[in-house]
Amino acid sequence: MIDSHTGGEPTRVVVAGGPNLCKSALAAQLAVLRDQHDWLRSSIVNEPRGSDFLVGALLCQPVNPASMGGAIFFNNVGYLGMCGHGTIGLAVTLAFLGRLGTGVHRLETPPGEISVRLHDSNRVTVSNLPSYRYRRGQSLCTPEFGEVRGDIAWGGNWFFLVSDHGQRLEYDNVGRLTDFTRVIRRELDRQGIRGPGGELIDHVELFGPASKSSGADSRNFVLCPGGVYDRSPCGTGTSAKVACLIEDGELAPGEVWRQESITGSVFEVRAILRDRQIVPEITGTAYVTGQSTLWLDSSDPFRYGIGSSSKEWISTIADNGPKIQHRTLSANQDWR
Ligand code: PYC
């Protein structure tokens with residue numbers, strides 16, 4: 001596994017030894033991973049190895065041999081659609097391993113194929129999936145904070161985007177921002193406010209003025225599905241934002257939008273129109289921070305992560321003995 005961070009948000013890429021998911025479309029590979037190997041996700045991103053804000057990426061076989069690969073992104077509670085910061089981290093990781101050269105490469109993800117341009121060993125532009133706004137000015141009543149209005153938009157994941165919120169978007173206020181956005185997330189769910197196909201709106205994004213020193217157009221705070229905030233400006237959230245700006249005529253196709261995160265990191269985005277669809281291109285920087293091998297010790301009750309519902313883990317505990325063969329997942333060993 002290789003760790004990196006993109007604008008402060010970590011990505012842990014499994015580069016070898018994952019389960020055999022067959023060479024099918026990435027959405028089908030995701031279904032197999034979720035249904036049969038969810039222990040892999042929880043082992044990697046949950047405590048004690050991981051943390052609430054860690055995003056994992058499993059490198060998969062692509063359907064199209066011309067693709068650089070496929071990727072499934074996941075976090076402490078489940079699976080993401082696309083992941084902008086994670087894609088930048090993945091490209092930098094593959095460059096670090098000598099597996100990716102500068103230039104443009106295709107990457108398959110569960111919601112569709114994207115492309116990645118590696119500029120140098122750290123800087124990457126992701127050409128995302130077409131992004132769009134589903135609803136403008138959706139009203140939401142919350143018991144704690146009264147009415148909140150936001151746009152519902154998709155940029156690879158579903159977002160509720162709020163500009164008028166009365167909150168202070170500063171790093172020393174992340175506790176309150178987390179509480180505020182968790183209430184929004186809870187009420188969206190409770191009141192059945194969803195995407196057009198019933199999808200959960202599982203990311204909440206607040207906007208405010210950028211810091212003067214960043215030279216950015218806006219600062220955001222993004223609550224992720226696991227209940228913690230994105231340290232980066234969030235690639236899919238920034239895509240959802242520029243889709244709204246273009247639909248409102250506040251940003252022209254091709255014009256650059258610089259999105260600052262709550263930690264001060266910045267993504268540069270410009271959207272192009274392709275077949276009348278808004279395609280955001282997100283540029284950011286990632287750095288490799290470490291390399292490790294995952295060890296699953298059959299006598300370790302937390303080998304699948306704290307809170308994991310892995311059946312194997314439960315049976316081991318119930319039987320009070322190591323019923324599972326000792327299994328390890330390493331860079332050299334393919335576990336099946
Ligand atoms: O960069 O798209 C992103 C992202 C989604 C969740 C965390 N980061």
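Colleague: Which side chain has an N or O atom 2.8 Å from a nitrogen atom of the ligand?

Modeller: That is D230, and the value, like the others here, comes from a predicted model.

Colleague: What about the oxygen atoms of the ligand?

Modeller: A polar backbone atom of G235 is 2.8 Å from an oxygen atom of the ligand, and a polar side-chain atom of T236 lies 2.7 Å from an oxygen atom of the ligand. Taken alone, the ligand would expose 250 Å², of which the protein buries 99%.

Colleague: Which residues are around the ligand?

Modeller: Besides D230, G235 and T236, the residues around the ligand include C83, G84 and H85, together with H203, C224 and C234.

Colleague: Switching to S239, where does that sit, and is it buried or exposed?

Modeller: S239 lies in helix 5, which covers residues 235-247, and S239 counts as buried because its relative accessible area is 0%, under the 20% cut-off. Leaving aside neighbours within four places in sequence, S239 is in contact with N128, S131, G155, P280 and I282.

Colleague: And the largest nonpolar core, which members touch the most others?

Modeller: Among its 56 residues, those are F73, V124, F160, I184, L188 and F221. This core draws at least three residues from each of domain 1 (2-127 + 293-329) and domain 2 (132-264). Another core, of 19 residues, lies apart from it, with M1, L33, C60 and F74 among its members.

Colleague: How many residues of helix 2 are buried?

Modeller: Seven of the eight residues in helix 2 (residues 38-45) are buried, namely W39, L40, R41, S42, S43, I44 and V45.

Definitions and conventions
Residues are numbered from 1 along each chain as its sequence is written. This is a predicted model: local features need pLDDT of at least 70, side-chain atom pairs count only at pLDDT 80 or more; totals for chains, interfaces and linings use all residues. Side-chain values use heavy atoms; hydrogens and water are left out. A nonpolar core is a set of buried Ala, Val, Leu, Ile, Met, Phe, Trp, Tyr and Cys residues joined through side-chain atoms within 4.5 Å. Buried means under 20% relative accessible area, exposed over 50%, partly exposed in between (1.4 Å probe, protein chains only). Domain bounds come from an automatic or database domain assignment. Helices (H or I, at least four residues) and strands (E, at least two) are DSSP runs, numbered from the N terminus. Contact means heavy atoms within 4.5 Å. A residue is near a molecule or strand if one of its heavy atoms lies within 4 Å of it. A polar contact is a pair of N or O atoms within 3.5 Å; within protein, one must be able to donate a hydrogen and the other to accept it, and residues adjacent in sequence count only if both atoms are side-chain atoms. Accessible areas come from the Shrake-Rupley method with a 1.4 Å probe; for residues, only the protein chains shown count as cover.
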